[in-house]
Amino acid sequence: MGSQLHPSNSLTAPRIDIVRTAADAVSRATVPISIHLDHAQSEDIIKQAADMPFDSIMVDMSHHEKEVNLRKTRELVRYCNERQKVTEAEPGRIEGGEDGVMDTAGLEACMTTAEEVDEFIDTGVDVLAPAIGNVHGEYGPRGPQLDFERFEKIRSQVNGRVCLAIHGTNGFPPELIQRCVAAGVAKINVNRLVLDDYYDHLRDNVGKIPHTQLIEEGIQKVADLTAKWMEICGSAGKA
């Protein structure tokens with residue numbers, strides 16, 4: 001299981017203690033837990049994080065053109081690996097929104113190709129997060145439209161050289177998550193799947209119950225949903 005932090009809430013000067021606190025909690029856990037820095041897009045932040053108690057770092061240079069993305073990813077992966085940090089990267093990024101995304105055919109240029117798989121593996125990265133129709137954000141009325149035929153080609157091209165991750169799981173039903181696992185996804189990023197009940201709890205109860213009770217019950221909501229999705233993924237009880 002991985003606990004993910006985002007650069008915006010973990011690496012600003014007043015918040016670095018969040019990372020150290022998380023690392024202390026992880027060190028006392030009775031099951032294996034890793035601390036992952038997600039979507040780090042600043043070279044300075046990545047280098048700072050590599051000297052902190054993160055187990056893995058997503059080297060996200062996807063906002064650059066492909067050639068620059070590859071060059072910077074290779075340099076930063078080497079820097080992280082020298083400090084025994086697992087690294088993750090993504091060849092491209094598809095943004096969602098309230099109205100969802102264009103048809104899959106229109107996303108062709110944004111999706112990961114077999115050629116890109118080899119190029120990114122050559123950077124030394126440990127985990128690859130391909131774009132197969134998954135989006136960062138909301139999917140809109142059509143819902144998730146994943147290209148599993150493309151994913152199978154990517155998995156075959158990878159041939160066990162790196163692990164595969166899937167991002168953008170907001171709104172995924174259980175059967176879609178299970179299909180991703182069956183297809184060979186080893187790491188699943190979740191956001192709203194484990195936070196929706198927490199947000200509902202806050203909206204329904206803020207100002208009505210003591211603050212400490214509000215937070216404690218909210219944390220339990222997250223824990224309950226996390227346990228539920230671990231069961232769905234087939235990862236429960238395997239520590």
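In which strand is H39 found? In this predicted model, H39 belongs to strand β2, which covers residues 34-40.

**The annotated histidines**

An unreviewed UniProt entry lists H39, H136 and H167 under the feature "binding site". These residues gather at one spot, because no two of their C-alpha atoms are more than 11.0 Å apart although they span 129 residues in sequence. H39 has a relative accessible area of 10% and is therefore buried, the cut-off being under 20%. H167 sits in the loop between β6 (163-166) and α7 (174-183). With a relative accessible area of 2%, H167 is buried. Leaving aside residues up to four places away in sequence, H167 touches D38, H39, M58, E88, E90, A129, N134, H136, K187 and N189.

E90 lies in the loop that runs between β4 (86-89) and α5 (114-121); at 3% relative accessible area, E90 is buried. Among the residues that E90 touches, not counting those up to four places away in sequence, are H39, D60, H136 and H167.

| Side chains | Polar contact |
|---|---|
| D60 and H39 | 2.7 Å |
| H167 and H39 | 3.2 Å |
| H39 and H136 | 3.3 Å |
| E90 and S62 | 3.5 Å |

Two packed helices are described by the angle between their axes and the distance between the axes. Helix α8 (residues 192-205) and helix α9 (residues 211-233) have axes that come within 7 Å and cross at roughly 155 degrees. Since angles over 145 degrees count as roughly antiparallel, α8 is roughly antiparallel to α9. The crossing of the two helices, α8 and α9, is right-handed. On the α8 side, the residues that meet α9 include L193, L195, Y198, H201 and L202. Their counterparts in α9 include L214, I215, V222, L225 and W229.

Notes: Residues are numbered from 1 along each chain as its sequence is written. This is a predicted model: local features need pLDDT of at least 70, side-chain atom pairs count only at pLDDT 80 or more; totals for chains, interfaces and linings use all residues. Side-chain values use heavy atoms; hydrogens and water are left out. A polar contact is a pair of N or O atoms within 3.5 Å; within protein, one must be able to donate a hydrogen and the other to accept it, and residues adjacent in sequence count only if both atoms are side-chain atoms. Helices (H or I, at least four residues) and strands (E, at least two) are DSSP runs, numbered from the N terminus. Buried means under 20% relative accessible area, exposed over 50%, partly exposed in between (1.4 Å probe, protein chains only). Contact means heavy atoms within 4.5 Å. Axes are lines fitted to C-alpha atoms, for helices over the stretch in contact, and angles run from 0 to 180 degrees between N-to-C directions. Angles under 35 degrees count as roughly parallel, over 145 as roughly antiparallel, 65 to 115 as roughly perpendicular and the rest as oblique. A crossing is left-handed if the near helix is turned anticlockwise from the far one by less than a right angle, and right-handed if clockwise. UniProt positions are given in the numbering used here, feature names are shortened, and annotations may be inferred rather than shown by experiment.
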